[in-house]
Amino acid sequence: MHRSYLFIPGNNPAMLQNADIFGADAVIFDLEDAVSITEKDSARQLLKAYFETLSNPGFSIYVRINALTSSLGVIDISMVMNEIIEGIVLPKATVQDIKMLSKLLDTFESARRIKKKTVIIPIIETAKAVFEIGQIAQLPRVSALLLGAEDLTRDMEIERTKNGLEIQYPRAKIAFACKAFEIEAIDTPFTDVTDEEGLEADTLFAKSMGMNAKSAIHPNQLETINRLFTPTDAQITEALRVVKADKEAQKVHRGVFSLDGKMIDKPVVERAEKLLEKARHYGLLGDTDEK
Amino acid sequence: MKNNLGREIFEQSKPYIRSDAFEQEKRRLIAKKTTDESVVFLKSLSEAIDKAGLKDGMTISFHHHLRNGDLVINMVCDAIKKKNIRNITIAASSLFPNHSPLVEYIKDGTITGIVTNYINGPISKVIAEGYLKNPLIMDTHGGRARAIESGDLAIDVAFIATPAVDKDGNGTGKFGPSACGTLGYVIPDLLYAKKTVLVTDYLTDSIVEPELDYHYVDYVCTVEKIGDSEGIVSGTTKITRDPVGRKIARDTVKILESLDLIKEGFSMQTGAGGISLAVVEYVKRIMIQKEIKARFASGGITGQYVDMLEMGLVQNLYDVQCFDLKAARSYRENRHHIGISASKYGNPFEENIVVNDLDFVILGATEVDLDFNVNVTTDSLGTIIGGSGGHADTAHGAKVTIIVTNLLKARLPIIKEKVTCVTTPGEDIDIVVTERGIAINPKRTDLIEILSKTKLPIMPINELMNIAHNIAGIPKKLEINNRPVGYVRYRDGSVIDTLYSVK
């Protein structure tokens, strides 16, 4: 369960050193767009050394490799593959590329005796990928889909705007597919790092469409993203009341009951339980609440 | 000879004992100098120097309200040099990089002593190289007021850059082409200097409510320009965008909330550093959200505080110096933006001073040690890069003193076993907030009890140091050059530490 995914350039030692203090639920160490072709080797070396010295980082670790259509992607994996990595973020993902990456991961996991199954987060950033979303979401190892709106709008030859009307369709499609196959829907980054109000509006809109996390390209964006994807005190209080009232109703075998004049049935109770699960995950429930 | 903090100090100087030791002392006051004679208006600094009777070996004072835009110090020193007057002591409340022409006068013996609260720029370099004949004395803002009123810092002639002067000789910082706002630091100079010269580039008919009363003024000297008011903007008045700094600011605000310090009628002061400004921004958001109004904010005032005053979030601003032009404008226009003297701000012997009424203060540090002593005077190599200003005054006065600092700066651990120089004693520091943890002074058991119940990363200060060492390694010990070049004077007049030449 993640609210925020922070991109950090793989060749930036200062940011690597501070990766654990920014407050990201997950960090995507980037070997692709943020690293120029002349810096790729040093970035791989740096990340390799960094992963080898890291213990209990307090956030999930992902690596965005270069596309598998170039030879760079395979070199990336061979250099940085490490037990500490939660998953690989695959740019320009297609069904075919994800299957290829999955086989590659089988090989490296076996060769390096990595016990856990490294997951894949495909970036949906081509028209073809949008078309294949339903299939991509079902593939083994795929734990989330990440919308890459900048490349997608470029592929579509349409203007990228702050209000994001042009990406409503892929946003909705990703949200539905992820919900259907119980994986995370990660929204595209908001690229104006100085516009806090714009970030807030964009995040709220993505959330309203069913996205359950957002990627960030600057650590200062995390505060807003984490806050907006965290249940509020009022929501938690309300959910606790619903669950408590449901328990009372069950004692007298009632499936539907009324709370403050509103009808409460199974879907409402399930929503409240999910919210409380999230609140518990982020340590927002006190001992009294748990009772 | 060592003081109570174990720091080597000059023989026969008054050793620092404790931060509240002054409570056992009586206030010493020299007679205020007033003049019944009319103020004499002069056309040149040369004439003013002659009339004031400036001679070899005298002490002249200046303020720093024009900060890096001040032209008066350089102009006066140029005129002194032309007259071949030597062995002058400069008592300036602060010295900035634009005062670099003084370097030559230090080297040639025109200037042989400096007493100040803050030095930033080339002057500190030549002092560190040993060119200043007499020891540099670094005071606090409140301590300077004490030193002047007690006669410990006897001023022969005060040259006061004054943005506007009226026909009677009253002065103000509110108007004129070089308007800089309040003139709080210069009030002790005005009251106690043997001769006072207002140096101005703007004469007006009458000033209502002047800060500088003509009864204390001997001469007014008009010059073409006293300074560039744009230069009063400090380089550190921008809110940090550094995510590490913001994390520190967020945790600081969580501390303030946990300690219930942001509540109706509270009072605060923050430095002008980027992290402190971010703290104010977060505090402001909470105040808006919870509809809380502060009683006052004090210190060097920035535009950020002006916004809060104008939004009705703060009842009064007590301003000893304006950090930017927005603050200078507000001081001119808003009656709730109140100028205060350095004495009223932080003189330990003055009654009801503003710093003693602070609920909390947020301050910076270049180093903090395991005894919570703070250095804001030198860098880790011993080079002077600042000075107390109001650091030690507010740290002693405020109910809760919080230091905000990166744990590592340019790969250097900021928490050290012993600081290179003690500016503010650890007994007055309550909490140190870094990006990787928060240390609370063990003597503040009340704060530990409350904050240990939160999810904040509270840890002993030596653990913070170990974290820094694990990341950056243990720094090689600085080889101190044992040739003293000056000393840091605590606000009560005792010597808290010695400044050494740099190898």
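Which exposed residues does the face of α4(A) turned away from its buried side carry? I looked them up and noted Gln96(A), Lys103(A), Thr107(A), Ser110(A) and Ala111(A).

**Conventions.** I record that this is a predicted model, in which local features need pLDDT of at least 70 and side-chain atom pairs count only at pLDDT 80 or more, while totals for chains, interfaces and linings use all residues. Residues are numbered from 1 along each chain as its sequence is written, and chains are lettered from A and ligands numbered from 1 in the order in which they are written. Helices (H or I, at least four residues) and strands (E, at least two) are DSSP runs numbered from the N terminus.

**Helix α4(A).** I checked the span of residues 95-111: at 1.5 Å a residue, the 17 residues should span 24 Å, and the end C-alpha atoms lie 25 Å apart, which agrees. The expected span is 1.5 Å times one less than the number of residues. I found Asp97(A), Ile98(A), Leu101(A) and Leu105(A) buried in α4(A). Seen down the axis, they fall within an arc of 90°, so they line one face of the helix; the arc is that of the directions from the helix axis to the C-beta atoms. These buried residues pack against β4 (87-90), β5 (119-124) and α6 (133-138) of chain A. After α4(A) I noted Arg113(A), whose phi is positive, near 55°.

**Helix α3(A).** In residues 72-80 I found Gly73(A), Asp76(A), Ile77(A) and Val80(A) buried. Their arc is 95°, so they too line one face of their helix. Their cover includes α2 (40-53), β3 (60-64), β4 and α4 of chain A.

**α2(A) against α3(A).** I read a packing angle of about 25°, with the axes 9 Å apart. That makes the two helices roughly parallel, a term for angles under 35 degrees. Axes are lines fitted to C-alpha atoms, for helices over the stretch in contact, and angles run from 0 to 180 degrees between N-to-C directions. Among the residues of α2(A) that meet α3(A) I noted Leu47(A) and Phe51(A); Asp76(A) and Val80(A) are among their counterparts in α3(A). Contact requires C-beta atoms, placed from the backbone, within 7 Å.

Conventions: A residue is buried if 20 or more other C-beta atoms lie within 10 Å of its own, exposed if 12 or fewer, and partly exposed in between; C-beta atoms are placed from the backbone. Two residues are in contact if their C-beta atoms, placed from the backbone, lie within 7 Å. Angles under 35 degrees count as roughly parallel, over 145 as roughly antiparallel, 65 to 115 as roughly perpendicular and the rest as oblique.
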